[in-house]
Amino acid sequence: MKRSRIIGTGSYVPARVLTNHDLAKLIDTSDAWITERTGIKERRIAGPDETTSELALRAARLALGAAHVKPRDIDLVLVATATPDMFFPATACLVQDRLGVRPGPAFDISAACSGFIYGLSVADQYIKTGAARTVLLVGAELFSRIVDWTDRSTCVLFGDGAGAVVLRADSTKHGLLSVHLHADGSQWELLNVPSVGSQPLTALDQVRAAKTAPRPQTIRMKGNETFRVAVRTLEQAAREALEANQLDASDIALLIPHQANMRIIQATAKRLGLPMSRVFVNLDRYGNTSAASIPIALDEAVREHRLSEGELVLFEAFGGGLTWGSAVVRW
């Protein structure tokens, strides 16, 4: 049976570190307040000349190197991002060009924080149908460009970064066992960036824009409601993936969740009966990097030798849309 196997990983984060203490100098907050509510201690912020495609390119090159794959061998380039360089062309096309990948399909996937798992599903379908043998999938975000730095409820959460994987068709037992995707557009208002794109500004947003603060093109989130929905749907998504593969939580060697909030991660692990020793967390150092969070965490887990051949890995994510999903991989 043909499967999609991850044969290389890579990640890149900007050099600038923004700590909670730094934020406390800008807004009414404190290290203790942020840490208690989120588990985040610091995050990375892109420089003024860095773009999403630049971060994606750096992570992609590392993944290709780890996989011992040349750019000419890539059949498909996917970039999961909610913060593309521009409306079009797709950031994936910019990455394809700068990598020197031969002409072929390249496109972006917009599913917010669930984007990487959505990308896994797309890559898997291309590989299983034979439309592609080797796929480059990148999750890359510059959320520092779309946060309202006067809103302490959201600006403390997000950071910039990129993670990448190379997937290749494999006929062994290793690889992607299943992917499970969901969306509920009726709850879009819980987490969104309004007034970007073709949607016109509302009268209220026009007034806000005229006053310059807060900018209408920034993240809006209903925190308490989002937290409750995230915990419930992440548990459901994880159990769906386990049941589809006739697995118990005890079979999972490592859970790599979307790095959104420590309380969400801990609550989900508790509901699944997984000890935190089998949950990979780097949220404290990077914050929420949206579609980049799982591939960054996966790359770090690989480099820290947290995964052995044949072990089972569970991914899960939740994001604006609302979107959520899960995947099981045999390493």
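Biologist: How many aromatic pairs does a search of the whole structure find?

Modeller: The search turns up 3 aromatic pairs. A pair of aromatic rings is described by the distance of the centres and the angle of the planes. Rings of Phe, Tyr and Trp (its six-membered ring) pair if their centres lie within 6.5 Å; planes under 30 degrees apart are stacked, over 60 edge-to-face, and the rest tilted. Take phenylalanine 107 and tyrosine 126: the ring centres are 6.5 Å apart and the planes are at 45°, so this pair is tilted. Phenylalanine 107 lies in strand 5 (residues 106-109) and tyrosine 126 in helix 5 (residues 115-129), so the pair ties together parts 19 residues apart in sequence. Helices (H or I, at least four residues) and strands (E, at least two) are DSSP runs, numbered from the N terminus.

Biologist: What should I know about the model itself?

Modeller: This is a predicted model: local features need pLDDT of at least 70, side-chain atom pairs count only at pLDDT 80 or more, and totals for chains, interfaces and linings use all residues. Residues are numbered from 1 along each chain as its sequence is written, and side-chain values use heavy atoms, with hydrogens and water left out.

Biologist: Are phenylalanine 143 and phenylalanine 158 buried or exposed?

Modeller: Buried means under 20% relative accessible area, exposed over 50%, and partly exposed in between (1.4 Å probe, protein chains only). Phenylalanine 143 and phenylalanine 158 are both buried. They form a tilted aromatic pair, 5.1 Å centre to centre with 35° between the planes. By contrast, phenylalanine 107 is partly exposed at 28%, and tyrosine 126 is partly exposed at 25%.

Biologist: Where is glutamine 259 found, and what does its side chain reach?

Modeller: Glutamine 259 is in the loop between strand 11 (254-257) and helix 8 (262-272). At 1% relative accessibility, glutamine 259 counts as buried. A polar contact is a pair of N or O atoms within 3.5 Å; within protein, one must be able to donate a hydrogen and the other to accept it, and residues adjacent in sequence count only if both atoms are side-chain atoms. The side chain of glutamine 259 reaches the backbone oxygen of phenylalanine 280 at 3.1 Å and the backbone nitrogen of leucine 283 at 3.2 Å.

Biologist: How many disulfides does the structure hold?

Modeller: A disulfide is a pair of cysteine sulfur atoms within 2.5 Å, and the structure holds 0. The sulfur of cysteine 155 is 16 Å from the closest cysteine sulfur, in cysteine 113, too far for a bond.
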